[in-house]
Amino acid sequence: MHTARTPEARTGRTLGQALAEETVLLDGGLSNQLEAQGCDLSDALWSARLLSDEPLQIEAAHRAYAQAGAQVLITASYQATFEGFARRGTGRARAAELMAGSVELARRAGAETGREFWVAASVGPYGAMLADGSEYRGRYGMTVRELVRFHRPRVETLAAAGPDVLALETVPDTDEAEALLRAVQDLDVPVWLSYSVKGDRTRAGQPLAEAFGLVAGIGQVVAVGVNCCEPADADRAVGVAAAATGKPVVVYPNSGEEWDADGRGWTGRGAFEPDRVLDWQRAGARLVGGCCRVGPSDIAALAARTQASGT
């Protein structure tokens, strides 16, 4: 079995132990904070480009969320893949260093707070590497076995860097969820599985109860839920995830604006309301935060609500 460094020695509690006791606060969208800091994310590698070119900007973005009250910092590895780096001329050894570095950047920022925190190594879907919006569709014409082969090297690399958890996030369909769960099953690190959804289905159209049910009985999975979706869709999904799995639910929606993959921009109006967290908690959510276009001020507001609720 692949063995990662033991994060519980650093935090005192594993993330799973914390979720059994209380609500834990995630950070918000890394990309929007980086853009607020003046970073150019137009490259196909998105925020992962900065792992090489401007790592201190990534650390600063993590710091902004930690200072806002986030207890879990999600790394800048969502779009970091060996294939994506290779297209920019970055060799395999250097790419592995950059992925591992994403964990260290988050850990340094969290350590500055002097509070308990956890680092989640982001594992985005195959479609994120394509940089064409296909992570919001899924069903890439690949078999589960092919997807396992794609994901396994990067999850092994990230696990070896010693994160507290792997965030299998923005997953568009059950095929990729199955592949990711197979890819991590021999790694000595917990994971959460989070789908991107539309209405009451995955982006690829599968019923959510069926999609969440894939993790029922898998002890390695410490939370299951949704991210990178509209807030209203997240509201509906929390109870379904809890009922289908009996596990703590993770929920971190977008602001409510829509990503236009062709125009490479956001459209519509934001609808992220921190008070929603109270309903999420009642429905079974224990790991809460925001995704795209949700910033430090929103996370600070969520922190205030969760502290006031006392759970």
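1. The model holds an open sheet of 8 strands, in the order β1-β12-β9-β8-β5-β4-β3-β2, with parallel pairing. β1 (24–25) and β2 (72–74) stand at the edges; each has a single partner strand, so one side of each is left without a neighbour in the sheet. Strands are DSSP runs of E, at least two residues long, and helices are runs of H or I of at least four, numbered from the N terminus. Two strands pair if DSSP finds at least two bridges between them.

2. A word on the source. This is a predicted model, where local features need pLDDT of at least 70 and side-chain atom pairs count only at pLDDT 80 or more, while totals for chains, interfaces and linings use all residues. Residues are numbered from 1 along each chain as its sequence is written, and side-chain values use heavy atoms, with hydrogens and water left out.

3. β2 and β3 pair in the parallel sense over 3 bridges, and I74 stands opposite A120 in β3. V251 has V288 of β12 as its bridge partner.

4. Look next at helix α9 (residues 144–160). At 1.5 Å a residue (times one less than the number of residues), its 17 residues should span 24 Å; the end C-alpha atoms are 24 Å apart, which agrees. Even so, α9 has a kink of about 35° at H151, shortly before the proline P153. That bend is the angle between axes fitted to the seven residues ending there and the seven starting there. After α9 comes G162, with a positive phi near 85°.

5. What does α9 pack against? Its buried residues (under 20% relative accessible area, 1.4 Å probe, protein chains only) include L147, F150 and H151. The buried residues of α9 contact (heavy atoms within 4.5 Å) several elements, among them α7 (92–111), β3 (118–123) and α10 (174–184).

6. Finally, the rings. Rings of Phe, Tyr and Trp (its six-membered ring) pair if their centres lie within 6.5 Å; planes under 30 degrees apart are stacked, over 60 edge-to-face, the rest tilted. The count is 6 aromatic pairs. F272 and W280 have ring centres 6.5 Å apart and planes at 65°, so this pair is edge-to-face. F272 is buried at 13% relative accessibility, and W280 is buried at 1%. Elsewhere, ring pairs link Y126, Y140 and F150 into a cluster.

Notes: Buried < 20%, exposed > 50% of the residue type's maximum accessible area, 1.4 Å probe, protein only.
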